[in-house]
Amino acid sequence: MTRGAVISIIVLIATSSAIAGDIRGKVKARGWKHSGDAVVHIDKIQGKTFPAPAKHAAMDQKNLVFIPHILPVLAGTTVDYQNSDDVLHNVFSPDKCAEKFNLGTWPKGQTRSYLFKEAGCFPVMLCNVHPEMEAYIVVLDNPYFAVSAKDGSYEITNVPAGKYTLKIWHERLKSQSVEVQVPETGDVVVDFEIRR
Amino acid sequence: MKRVIVGFLATASLMLLFTEESYGIPAFSRKYRTSCSTCHYAAPMLNAFGKAFKNNGYRYPAGTDPEMTKEEPVSLGSEAYKKVWPNAIWPSDIPGTSPVSVWAVGRINYAAMSTVKWEFEIPHEVEILYAGTMGEEFSFFGEVEIENEANATEIAFPFALQYDMSPGLHVRMGMVHADPTPNHLKLTRNHYNMASFRSRNGWRFRDEHVGLEVWGAGNGSGERGGFTYRLGVVNGQGLSDMNRDKDYYAKATYKIGGLGEVGGTEGAGSDVSDFFLDDNVTLGAFVYSGTASKTGVLDENFSIVGGDVDFWYKRFILNGAIMLMDSRITGTPQRKSMVYYAQANAVLYPWLIGLIRYEWEDQNTDLDAVKPVNAVIPGITLMARANVKLMFEFKKFFDEDSKKKDTFGIQVNFGF
């Protein structure tokens, strides 16, 4: 890499961080056992596209539980499903936007994968061997998202300054959206109270 | 009120009844935070994993039980006490919450020959079940069963304590598995004819047999399929033996293909899966030798040999079993009997199973005067929820003597 290229990258990073802010806040989930697992994300940004990441996302099946329970990904992301148990597991989705895929079953330590193409798709993941197991993939069209912690806190970092629609998605509670102005530096606080 | 209570007590005769161990245990659902269908094809019938769980002494396979257990057990001594033994009691644990479940059964019956053709027998039976593990080497299974039998109340309270040295070697005491009919396959409310067939002095497989049993299981090559065996010595009849002779039995099976008998996932990749699928064929053979006693008659010595086949392919199961009984009572002609059945199940949906069974029972194969009993049992099992089951079942007899004994029944079971 030439010295010029290195300088360009440094300038680009410095510039982009200089004009990017953070969105943070708290989610209060009414009528739910905790305030975690809500996905706060920026709605579609007109005129902007984001290339699918080459790196695969991962969802584990461990002790009869999908980990994580909620996995937001950028459209075009491949998710690898690992079986970490000494029992057979399966992954399928009954949702059309995920082509009702069914990956069959595979031994401990191995993975099978699925590519999530369509943004705006929130397919449920199920295991037809253990019907209590459930997880969600939240497919988004930009990388500005966060999953709330159990206490409801969330933070989306390094968002380019500008005006956006900020949305919240929850597996059981109603979605909401608010307009948000992200400053060039610092952060903006947006709290949500979601309910059934 | 007092008269009602006295009347009830007077009419409710408390009798001892023996039962088979074949029920779903919701306490395991709580312990592992998992659905009934993890272990059951349609409770109480076990699926492949349920059999592997049982073969591991009611534990998850491959030593993973501690990490799969979601309810923290109560320690009865820390692990380090193993170093102190014999100067301390060997450490163990008990379930973190009470391992008790309830299984309730109600019936609507139709009997063609009965004076009262239709009846609502709700409840037919209530079971209080308990099962679990105690430390790494002991497990237990028991029940208190209260059942209506023609307005008399029957009570049974069998249990088994098991020492689980390894999946390949368990020692069981109490309620054992002398009945060779594969009870994990019993999807119907009607018992298997083989289980209900009586010897001349009234002995039958279906009655619970109490004694000692050594049994075990192991995976086959490539960790698929595998073997099971059991050897036992039992009273034969009753909690207090009715004669001085003990009964002996043995059964062995070999499973070709499918999930390993003790579980594991090696070589188990497939493009399809479901909790009720396990393509395999299992072959079994058994022997039983016993003495049956009845008041006022001479003892009966009998021996039984038999075999069974169990074939699972996609959504279908075909299975059948046959037994040949040879009965000897001094001063009477030897009696030879043959009993068999064949059954087919099809999973129409994971919650809807169709089945049909054909049964044949020839009490005396050398005597043409005694006609064989043969019947067909078509039925539907509907799982309204994983723990709520409805069964619709018809039993149609073909032989002349039984022709008018046809029955129809609806049964609801639920457990929690």
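**Reading a two-chain predicted model**

Analyst: Seven residues of domain 1 of chain A are in contact with eight residues of domain 2 of chain A. Please keep in mind that this is a predicted model.

User: What makes two residues count as being in contact?

Analyst: Their C-beta atoms must lie within 7 Å. On the domain 1 side of chain A, the residues touching domain 2 are three nonpolar, one polar and three charged. The centres of the two domains, taken over C-alpha atoms, are 23 Å apart.

User: How many residues does each chain bring to the contact between chain A and chain B?

Analyst: Chain A gives 17 residues and chain B gives 25 residues. On the chain A side, strand 8 (residues 102-106) contributes the most, with three residues.

User: Why is A:Asp37 called buried?

Analyst: The cut-off for buried is 20 or more other C-beta atoms within 10 Å. A:Asp37 has 22 such neighbours, so it counts as buried. You will find A:Asp37 in the loop between strand 1 (20-29) and strand 2 of chain A.

User: And what makes B:Ala150 count as exposed?

Analyst: Here the limit is 12 or fewer. B:Ala150 has 6 C-beta neighbours inside 10 Å, and therefore counts as exposed. B:Ala150 sits in the loop between strand 8 (138-149) and strand 9 (152-156) of chain B.

User: What is the phi of A:Asp37, and what is that of B:Ala150?

Analyst: For A:Asp37, phi is near 65°, a positive value in a residue other than glycine. B:Ala150, also not a glycine, has a positive phi of about 55°. Most residues other than glycine have a negative phi.

User: How do you know that strand 2 and strand 12 of chain A pair?

Analyst: Pairing needs at least two bridges. Three bridges join strand 2 (residues 39-42) to strand 12 of chain A, so the pair qualifies. One bridge links A:Val40 with A:Ala146.

User: Why are strand 12 and strand 15 of chain A said to stand at the edges?

Analyst: The open sheet has the order 12-2-14-15 in chain A, with antiparallel pairing. Strand 12 (145-147) and strand 15 (176-182) each have a single partner strand, so one side of each has no neighbour in the sheet.

Terms used: Residues numbered from 1 in each chain as written. Chains lettered and ligands numbered in written order. Predicted model: local features only at pLDDT ≥ 70, side-chain atom pairs only at ≥ 80, totals over all residues. Helix = DSSP H or I, 4+ residues; strand = E, 2+ residues; numbered from the N terminus. Domains from an automatic or database assignment. Nonpolar A, V, L, I, M, F, W, Y, C, P; charged D, E, K, R; others polar.
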